[in-house]
Amino acid sequence: MKKKVLGALLSVAMVATLLVGCGGDAAPATTEASAATGGKKVGVAMPTQSSERWINDGDNMKKRLEELGYEVDLQYAEDDVQMQVSQIENMIASGVNCLVIASIDSGALVNVEAQAKEAGIPIIAYDRLLMDTDAVSYYATFDNKGVGTAIGKYIEEKKDLANTSETFTIEFFMGSPDDNNAHMLYDGLMEVLQPYLDNGTLICKSGRTSFDDTCILRWSQETAQQNCENYLTGFYADEDLDICATAFDGFAYGCKAALEGAGYTEANWPLITGQDAELMATKNIISGKQTMSIYKDTRLLAEKCVTMVQAVLEGAEPEINDTEQYNNGKIVVPSYLCTPVAVDKDNYEEIIVKGGYYTAEQLAE
Ligand code: BGC
């Protein structure tokens, strides 16, 4: 008798366990999400895994889209334009319902974008504007001119350019000419710094201050290092370089290597700027080898982009905050601009660690 009661109790407990096991919250939520999104598939084309930010962007996009029940095809093209074209062609052929593209060369996708339009597949431009096409519905990005202004203002304030009687040497390392963001960053930067180049507070000994003279194809770290080495040997044999105005953390790493090679130490280490607040860059900021970076919360960008995907696929309303700045040569693309934030030794804990972007442990490793 006792055995029977125990057996019955066990059966109830087992059924309960099984129910909890299959029930959970996740399963019904996912099923509901899939039903709502109709099992639709989103192709996400990212430029490269050579820089950490795009890995975070891709991961965040995939995670958010999957949470909503979309199937995701995430591809990286390792900065090879043709590979990106093929990847997008394959996505179209495999029947994706929407494309999210962070381009390598923003003008090189015109044909494949036309194919997508023809097939009725909407396109969202991710971080980099897609140029010369009317096939793009929305654009999610950071305020790209604002990135340049923030870097310029940081240099202006740190060196007290408005009030100082000192002069400072400076060299520029700008982004890829096939990336619209690089041009906008340069414009924002020069809006702040050009007056100081004009009045002699800033001295660029190489004479290379134009975008064309300072841009670096495909954001190559190696080219940035090479350029910095050339500047140091060619123009800074008798005088230190005080400022490396760079547009990307990868360039800051290249400058760091060149400066170390040329024997720079803590005593004469220049102010070095960057962009993306990569993990390595943030560690370099803590150790003093990089002065600042521009923090771009890729979680937020992914979130904004996902609302655009939902808008084109489910007829929802995405949040837009710019309908003027992003003319791609064919149309003005409705955009959402996230706000970039300058981070340095003084505020990285508040912004990056407290914001949950990196943990103190990750930064200490
Ligand atoms: C992005 C930057 C990034 C750069 C290099 C640009 O388009 O806006 O955040 O540093 O590409 O990957």
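Colleague: Where is S206 found?
Modeller: S206 sits in the loop between β7 (202-203) and α8 (211-214). Helices (H or I, at least four residues) and strands (E, at least two) are DSSP runs, numbered from the N terminus. This is a predicted model, where local features need pLDDT of at least 70 and side-chain atom pairs count only at pLDDT 80 or more, while totals for chains, interfaces and linings use all residues. Residues are numbered from 1 along each chain as its sequence is written, and side-chain values use heavy atoms, with hydrogens and water left out.

Colleague: Thanks! Is S206 buried or exposed?
Modeller: S206 counts as buried because its relative accessibility is 14%. Buried means under 20% relative accessible area, exposed over 50%, and partly exposed in between (1.4 Å probe, protein chains only).

Colleague: And what does the side chain of S206 make a polar contact with?
Modeller: The side chain of E171, at 2.6 Å. A polar atom of the S206 side chain also lies 3.0 Å from the backbone nitrogen of R208. A polar contact is a pair of N or O atoms within 3.5 Å; within protein, one must be able to donate a hydrogen and the other to accept it, and residues adjacent in sequence count only if both atoms are side-chain atoms.

Colleague: On to pockets. What volume does the largest pocket have?
Modeller: About 390 Å³. On a 1 Å grid over the protein atoms alone, a pocket is an open set of points where a 1.4 Å probe fits, with protein on both sides within 12 Å along at least five of seven lines; lining residues have an atom within 4 Å of a point. Grid points are joined across faces, edges and corners, and the volume is the space filled by probe spheres set on the points.

Colleague: Which residues lie nearest its centre?
Modeller: S51, W54, R128, W219 and F248, out of 29 lining residues.

Colleague: Why does the largest pocket lie between domain 1 and domain 2?
Modeller: Because domain 1 (32-142 + 298-338) and domain 2 (145-297 + 343-364) both give residues to its lining. The domain bounds come from an automatic or database domain assignment.

Colleague: Back to W219, what is its phi?
Modeller: Positive, about 55°, although W219 is not a glycine. Most residues other than glycine have a negative phi. W219 is found in the loop between α8 and α9, and is buried, with a relative accessible area of 14%.

Colleague: What about D127?
Modeller: D127 has a positive phi too, about 65°. D127 lies in the loop between β4 (123-126) and β5 (136-142).
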